[in-house]
Amino acid sequence: MNPDPDKTRTANRHETGGLPAIEEHDLPQGRHQFHKERLMSQIHDDRRAAARTRRNPFLRKAILLPAATALAGALAVGVLVLTPGDAQAPRDRATGPALTTTIGVADAKGAPRLLDRISLAAAGAEAPSGRAGQYIYIETRSANTHVKTVGDKSSLVSEPLHTRQSWRSPDGLKGWLIEPGNTGPEGITLEGRDEQGNVPTPHLGAPSHDYLASLPTDPDALLRKIYKETEGQGNGKDQQAFTTIGDLLVESWPSPKLTAALYRAAAKIPGVVMVDSATDAAGRKGVAVARLDEASGQRTEWIFDSKTFTFLGERTVQVTGEGGEGGLIKPGTVVFTHAIMVRAFVDDIKMVP
């Protein structure tokens, strides 16, 4: 989602423009994204069940290793590029099959002030417009750790961190996805009808770029809509609302105005805290806005550059108790990690900025 990444000044990222201009649009929940196509929905549903409770349909199953490769490519108007961090994130380390981390300190009182500063920074980002016929390109790095059971034996499994590339038309009707482990080298189409043969209708859990323009930018109205449309989902309404906002931030490219509204709406959700330190999938360290899912003991963290407040990515960490079958997921295990690397308007599918 989200997913962060809407600014033009940052030590961790370089860009020539801000977010894409849209009248008022949103994205969904379901980690994360590209919800319309049945294939992606199935992939993400299965994943979420294994790695985290209810993620966006565009999310991927990943592993937990800091990225060491550098992003290449020329900058262009309307392009957001986040540069990778150190090859080895000092506070994160691989221990056997999983990536573990030092659990940051949570501060409930610090969250409102931090989100206020983040929303102000987001609102000030530039919003260049894409041309007719262009596609929204989003490049991310992600990984996860989950419990795999074969016969009567369960073990903790992780896969190498990988790059995910998606292309979507603003109306959401055309698209392409390339993701190692989920598609072949050439990728798969995201175009098509649903299982009932109908053209998918954008919604919070599977939004298009144009759909985002229809979302309210008043934080109270936006949060009411999120609560209403996600009722009965996830582990409680507050946790699901937080997850939904995170998916929109990570898996799409909201306008500066909508992005700021999403942050302000998140500040109104009970249980949201500030975490003093967190590292994303690309090894970039920052401060986080987070919420603990008391049912699973896992904390979802939105990671921001501590100086520019650029949204870097999201991760889920086992904080309390032991998760997964047999309690194999111990506190400090990074269950899911996702870093936003590039967002841009491009002229065609499979084209990169």
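Author: W167 is buried, with a relative accessible area of 1%. That value comes from a predicted model. The residue belongs to strand β8, which covers residues 162-168. Now look at what lies around W167. A polar atom of its side chain lies 2.7 Å from the backbone oxygen of M351. K350 also comes in here: its C-alpha atom is 7.3 Å from that of W167, although 183 residues separate the two along the chain.

K350 deserves a stop of its own. It is found in the segment after β15 (334-346). At 40% relative accessibility, K350 is partly exposed. Its phi is positive, about 70°, and K350 is not a glycine. Most residues other than glycine have a negative phi. F309 also has a positive phi, of about 65°, without being a glycine. Find F309 in the loop between β13 and β14 (311-318). Its relative accessibility is 9%, so F309 counts as buried.

Next, take Q134. It sits in the loop between α2 and β6 (135-150). Is Q134 buried or exposed? It is buried, with a relative accessible area of 8%. Its side chain has polar partners. One is the side chain of D347, in a polar contact of 2.8 Å. Another is the backbone nitrogen of R131, which lies 2.7 Å from a polar atom of the Q134 side chain. Leaving out residues up to four places away in sequence, Q134 touches S169, P170, F345, V346 and D347.

Now move to the helices. Two packed helices are described by the angle between their axes and the distance between the axes. Start with α2 (residues 110-123) and α6 (residues 256-266). Their axes are 8 Å apart, at an angle of about 170°. The two helices are therefore roughly antiparallel. On the α2 side, the contact is made by L115, D116, I118, S119, L120, A122 and A123. On the α6 side, it is made by P256, T259, A260, Y263, R264 and A266. By class, this contact has nine nonpolar, two polar and two charged residues.

α6 also packs against α4, at an angle of about 75° and with the axes 8 Å apart. These two are therefore roughly perpendicular. Here P219, L222 and L223 of α4 meet L258, A261, L262, R264 and A265 of α6. This contact has seven nonpolar, no polar and one charged residues.

How many residues of α6 are buried? Nine of its 11 are, and the helix is mostly covered. Among the buried ones are P256, L258, Y263 and A266.

Y263 leads on to the core. In soluble globular proteins, nonpolar side chains tend to be buried together. The largest nonpolar core here has 34 residues. Those with the most contacts inside it are I245, Y263, I269, V289, W302, F304 and F311. Elements giving two or more residues to this core include α2, α4, α6, β12 (285-293) and β13 (298-304). F304 shows how such a residue is surrounded. Neighbours within four places in sequence aside, F304 is in contact with I118, Y263, G286, V287, V289, F309, T310, F311 and L312. A second, separate core has 14 residues, including Y135, I178, A282 and A344.

Definitions and conventions: Residues numbered from 1 in each chain as written. Predicted model: local features only at pLDDT ≥ 70, side-chain atom pairs only at ≥ 80, totals over all residues. Heavy atoms only, no water. Axes fitted to C-alpha atoms, helices over the stretch in contact; angles between N-to-C directions. Helix = DSSP H or I, 4+ residues; strand = E, 2+ residues; numbered from the N terminus. Parallel < 35°, antiparallel > 145°, perpendicular 65-115°, else oblique. Contact = heavy atoms within 4.5 Å. Nonpolar A, V, L, I, M, F, W, Y, C, P; charged D, E, K, R; others polar. Core = buried A, V, L, I, M, F, W, Y, C linked by side-chain atoms within 4.5 Å. Buried < 20%, exposed > 50% of the residue type's maximum accessible area, 1.4 Å probe, protein only. Polar contact = N/O pair within 3.5 Å; in protein donor to acceptor, adjacent residues only side chain to side chain.
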